[in-house]
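Let us walk through this structure step by step. Keep the sequence beside you as you read.

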Amino acid sequence: MVFVGLLLLLSLTLAGPVRQWLDGRAEIARLAAESTAYDERIADLQAELERQADPAWTAREARERLAYVLPGDRLVVVVDGEAAEGDAGTLPDAVDAAPRPWYEELLGSVAGADG
């Protein structure tokens, strides 16, 4: 009976430290997985940074996203279902020589918005 009591006391005494040790191992495994995920994210961001440092990539993105064109390229823009064409770097033919006062611009934009 004394031997069973000693075993019970020993198991109760060791239960807390063993549980803490197992929790610590689980925490270490979780942190290692998190660290691996951060390392992969860092590698992806560094690869993206290297790609963006390339001038050819920058020029291609500017042409695609911002519709930039080089001088001499032909630019076609569709406005309200009609194609408006022009050379890159040229100004439209209809340029207003005398600028209108700001209040006339404001009234013109309000009238245009009303339809």
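Patches are made of residues with over 30% relative accessible area and no salt bridge; like charges are joined within 9 Å, nonpolar side chains (Val, Leu, Ile, Met, Phe, Trp, Tyr) within 5 Å. Accessible areas come from the Shrake-Rupley method with a 1.4 Å probe, and for residues only the protein chains shown count as cover. This is a predicted model, where local features need pLDDT of at least 70, side-chain atom pairs count only at pLDDT 80 or more, and totals for chains, interfaces and linings use all residues. Residues are numbered from 1 along each chain as its sequence is written, and side-chain values use heavy atoms, leaving out hydrogens and water.

Start with a nonpolar surface patch. Phe3, Leu7, Leu10, Leu14, Val18, Trp21 and Leu22 form it, with about 740 Å² of accessible area together. Trp21 sits in helix 1 (residues 2-52); helices (H or I, at least four residues) and strands (E, at least two) are DSSP runs, numbered from the N terminus. Trp21 counts as exposed because its relative accessibility is 54%. Buried means under 20% relative accessible area, exposed over 50%, and partly exposed in between (1.4 Å probe, protein chains only).

Now turn to charges. A salt bridge is a side-chain nitrogen of Lys or Arg within 4 Å of a carboxyl oxygen of Asp or Glu. The whole structure holds seven salt bridges. In one of them, Arg30 pairs with Glu34, with the closest N and O atoms 3.1 Å apart. Both residues lie in helix 1, four residues apart, about one turn of the helix. A network of salt bridges links Glu27, Arg30 and Glu34.

Another salt bridge joins the side chains of Arg63 and Asp73 (3.1 Å, N to O). Arg63 lies in helix 2 and Asp73 in the loop between helix 2 and strand 1 (74-79), so this pair ties together parts 10 residues apart in sequence.
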